[in-house]
Amino acid sequence: MLLTFRLDEQQDAIGDSVKRFCQRSLGATPQERQKIEFSPNLWRALAELGVFALGAPGEDATGGFLDLVVAAEHLGRAGFPGPLPATILATGALPAAEVEAVLAGTSLVSFGRPPLMPWGMAGDISLGLIDGRVKRLDITSRTPAETLGGEGWAQVEAKAGADLGAFADLRHRYDLPLGALMVGAGLAMVESAAEHAANRRQFGQIIGTFQGVAFPLAEAVVALESAQLLLRAAALRLDEGAADGPKLALAARLSAGRAARKASFTAHQSYGALGATREGPVFWLSRRVAQWSVQTPSDRESMDDLPLELPSILDTQQVETAS
Amino acid sequence: MKIALTAEQLAFRDEVRAFLQPWKHLNKYLVSENSPDLMEFFRAMAKRNWLSLVWPVADGGLGRSAMDEFILWNEIAYNRIARAPHSVGIVAKTIVRYGTPEQKAQWLPRIRAMDLTMALTYSEPEAGSDLAGVRCRAERQGDHYVITGNKCWNSRAHQSDYLWLLCRTGEQSARGKALSLIIVPRESPGLRIRPIEVMDGNFFTEITCDAVKVPVENRIGPENGAWSMMGAALADERHVQFLYGRLRRDYEDVLNFVRANGADRDPVVRHRLRELAIDVAEAELQSLRVAVAVNDGIDAPAESAANKLVHTLVCQAIARAAMEFGCESAVLVDIGIEILWRQSMIETIGGGTTQIMNSVVARQRLGLNGTK
């Protein structure tokens, strides 16, 4: 049988390892986790786990793209702070000599479109998306920019430097971890809201018995699982070196984005007034999802890069027949 | 995780594609069986024993895998030729599982050859989604049952040879524990069937049973034992009910239509098409997940419900989009777009409504008993 959705032992082990790491470093509860801010030490600790080398080119790789997706889902669930998609992008874009420090977590990568740069205040290496190319940026000034997601973004003055390649050729390295973070965050929000709905009583009833509460959560989890399946399938294709892998990765990232946004609002609503609080169980993740959706290249911008014909995952012959 | 077909499965898929070539004109995907246009197609399938592909060899089948069955019907779905007939699926698999040797000998060879067809007659005016509330009653009188009651919303029963009838053989208060499955000849005295035309050209039927007399040996499985049998049959069929091939074809047809009309130059249209392309890719994986579960013998009710939700909603989303792109010719019957819209409406109702599927996901996946 060549068709199975079960993860293998290595992927399960990676998932367990990242999950335990998040519990150790961020705490076990949303209340604890949302108080943890990004720090260079935290980033290096994640690097030591080998996550940044998943999907890395050549001999640097400690695993493939599917391993990366599994790890990133857990990081998304835990709301782990830091520029993971930019980091994975950089491991495929930068010269080998610089990749080592990125893999070690000692060089933090900022990726965006100047003047606004995500993680721009902490970035050691700045990469810009300019006219469809990934270019090195020489930053001449940085001003902190407060953001919805609470991350250290910056307004910068920058000059474009060396061209590192077409973003279209590299973007699967960005799309896959971004999508997996969003799926992980979305699942965490929906499962948390479902647990709340299974215990909270109103009108003498558990509110989860009301279809008005249960159905939106069901719809949200179906959308997230669809995105999860698509992300994993895209990663598998990339690991196989298939030509359709990058297209599927982009579709999967967009699938994840819309599913995670839906999950965010469903979770906010399910929690009632508690869901609208700053310190509540949803906002700490939903604000990340909102930010991931719009940071360069945004979901909206990325949608324009998606071909109107996506390949069948199991069988490309049907698409060829139609075209 | 692995998503690929074996060499044998690929060869079978190619064999199916070659077989379908002369049948591609049957591309409206209107009905499951009993249409004269389709009976010839089904008999051609029967010659290859493909209607009994997964039945045990001892029961006249080929003993092939659920994945082969998925491949077969997914290719047929992509060509929009037919749905898997209930007679060779739910009915025959139930007889294989619960029938006596005599019943197997009586029914299976004719079903396998498409020499007879059966209509599922479960729903009633007051028991649609809630089948445990079925009221149509079969009273045992010696070596016969006498059946009295009403059925409704049953597909094409007026053109079937037999009814696969769900009826009450015990107390009403016992709900699902007092139901039985009985095969009823359509020509039985006391049986009246009125067709009700559906907007897609298919037919529901309204059935009245007025003291219809049926031999006891037409009951399949134990008396009052239908509920678990129906559950098993449903599990047997999950992988061939909602197939991504149909969605892919619907999307391709709409895309070609949009391009032919120049509407693809509109960025709003393009954006919506891309959303649909993502939907179709998601649906493919949802259906593959169910196919793998059935193939591996794993009961997957939440995954199956999710698959049904995704497929039926995407089917409607494609059809609605096609009608909302502003291309006037979408309403022309010859173009083949308005049929997608008409066909899609029943999808979220038949085989378990969207509301029921959401309930299953909420309960099985999230632990929420969303029943009110």
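## A buried residue in chain B

A residue is called buried if 20 or more other C-beta atoms lie within 10 Å of its own, and exposed if 12 or fewer do. In this predicted model, Ala291(B) has 25 other C-beta atoms within 10 Å, and Ala291(B) is therefore buried.

Ala291(B) has its place in helix α8 of chain B, which covers residues 267-295. Leaving aside residues up to four places away in sequence, Ala291(B) touches Ala66(B), Met67(B), Phe70(B) and His239(B).

## Chain B as a whole

Chain B contains eleven helices and eight strands. Its C-alpha atoms fill a box of roughly 70 × 45 × 45 Å when the box is taken along the principal axes. A compact globule of 372 residues would have a radius of gyration near 21 Å, and chain B, with 21 Å, agrees with that expectation.

Of the 372 residues in chain B, 50% are buried. Among the contacts in chain B with a separation of 6 or more, 71% are between residues 24 or more positions apart.

## The domains of chain B

Chain B is divided into three parts, namely domain 1 (7-112), domain 2 (118-224) and domain 3 (242-366). The C-alpha centres of domain 1 of chain B and domain 2 of chain B lie 25 Å apart, and the contact between these two takes 13 residues from domain 1 of chain B and twelve residues from domain 2 of chain B.

On the side of domain 1 of chain B that touches domain 2 of chain B, the largest share, six residues, comes from helix α4 of chain B, which spans residues 87-98. Sorted by class, this side of domain 1 of chain B holds six nonpolar residues, seven polar residues and no charged residues.

## Where chain A meets chain B

The contact between the two chains takes 42 residues from chain A and 39 residues from chain B. On the side of chain A that touches chain B, the elements that give two or more residues are α8 (172-197), α9 (211-240), α10 (245-270) and α13 (317-322) of chain A.

The largest share of that side of chain A, 16 residues, comes from α9(A). By class, the residues of the side of chain A that touches chain B divide into 29 nonpolar, eight polar and five charged.

## A sheet in chain A

Chain A has an open sheet of five strands, in the order β1-β3-β4-β5-β2, with mixed pairing. Because β1 and β2 of chain A stand at the edges and each has a single partner strand, one side of each is left without a neighbour in the sheet. For β2(A), two bridges make the join to strand β5 (residues 153-166) of chain A, and these two strands run antiparallel. Within this pairing, Leu116(A) has Gln155(A) in β5(A) as its bridge partner.

Helix α5 of chain A, residues 84-93, lies across β1, β3, β4 and β5 of chain A and runs at about 95° to β1(A).

## Backbone details in chain A

The bond from Pro114(A) to Pro115(A) is cis, with omega near 15°, and Pro115(A) has its place in the loop between β1 (109-112) and β2 (116-117) of chain A. The bond from Thr296(A) to Pro297(A) is also cis, with omega near -10°, and Pro297(A) has its place in the loop between α11 (283-294) and α12 (299-303) of chain A.

Positive phi values are found in residues other than glycine as well. Phi of Asp131(A) is near 50°, and this residue is found in the loop between β3 (125-130) and β4 (133-145) of chain A. With 10 other C-beta atoms within 10 Å, Asp131(A) is exposed. Phi of Phe203(A) is near 55°, and Phe203(A) lies in the loop between β6 (201-202) and β7 (205-206) of chain A. Phe203(A) has 9 C-beta neighbours inside 10 Å and so counts as exposed.

Note on methods. Residues are numbered from 1 along each chain as its sequence is written. Chains are lettered from A and ligands numbered from 1 in the order in which they are written. This is a predicted model: local features need pLDDT of at least 70, side-chain atom pairs count only at pLDDT 80 or more; totals for chains, interfaces and linings use all residues. Domain bounds come from an automatic or database domain assignment. Two residues are in contact if their C-beta atoms, placed from the backbone, lie within 7 Å. Helices (H or I, at least four residues) and strands (E, at least two) are DSSP runs, numbered from the N terminus. Ala, Val, Leu, Ile, Met, Phe, Trp, Tyr, Cys and Pro count as nonpolar, Asp, Glu, Lys and Arg as charged, and the others, Gly among them, as polar. The radius of gyration is taken over C-alpha atoms; the globule rule is 2.2 Å times the number of residues to the power 0.38. Two strands pair if DSSP finds at least two bridges between them. Axes are lines fitted to C-alpha atoms, for helices over the stretch in contact, and angles run from 0 to 180 degrees between N-to-C directions.
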